[in-house]
Amino acid sequence: MTDAAPHADREPGRPGALANQVEGYLLWQARVTEAEERARAFTEPLHWLTGAQREEIEQHYVRDCLVRARADLQRVADRCRALRGEYEERYRHLRVRCVACAVAGIAVAGVFAVAAALLLTTVAAHR
């Protein structure tokens, strides 16, 4: 796997690149909205907070949620890249084995064809 492979879906002009970017943007915006809603729900029962304190706590809460979300997404992306590498390696081995079996099968069939031809020519010569 090359260094460019993990970011290949971000390259302009590749099929689906724009769709992937839009999907990622929309998913992230949903995560931001969810964090903001959870922050408001967190500070709602804290009636003694001033408006500025409430806003500061909500901003901190949102930042913390998004940092954690980004770390989670990075771990998932790293695992996906690792799995992709493992599957590509397994596929290469499988492909080599299939080609080797096909070549061996053709070779065996060739040997049998030559043996049959020799047998037929020997039988025909003795008649």
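Helices (H or I, at least four residues) and strands (E, at least two) are DSSP runs, numbered from the N terminus. This is a predicted model, in which local features need pLDDT of at least 70 and side-chain atom pairs count only at pLDDT 80 or more, while totals for chains, interfaces and linings use all residues. Residues are numbered from 1 along each chain as its sequence is written, and side-chain values use heavy atoms, with hydrogens and water left out.

**View 1. The protein chain as a whole.** The secondary structure of the protein chain consists of 2 helices and 0 strands. Of its 127 residues, 11% count as buried, a word that stands for under 20% relative accessible area, with exposed over 50% and partly exposed in between (1.4 Å probe, protein chains only).

**View 2. Helix 1, residues 17-43.** At 1.5 Å a residue, the 27 residues of helix 1 should span 39 Å, and its end C-alpha atoms are 39 Å apart, which agrees; the expected span is 1.5 Å times one less than the number of residues. Ala17, Val32, Ala35, Ala39 and Thr43 are the buried residues of helix 1, and the buried residues of this helix pack against helix 2.

**View 3. Glu58 in helix 2 (residues 51-126).** Leaving aside residues up to four places away in sequence, Glu58 touches Ala39, Arg40 and Thr43, where contact means heavy atoms within 4.5 Å. Glu58 is buried yet has no salt bridge, and the nearest side chain of opposite charge, Arg54, is 5.1 Å away. A salt bridge is a side-chain nitrogen of Lys or Arg within 4 Å of a carboxyl oxygen of Asp or Glu; Lys and Arg count as positive and Asp and Glu as negative, while His and the chain ends are not counted.
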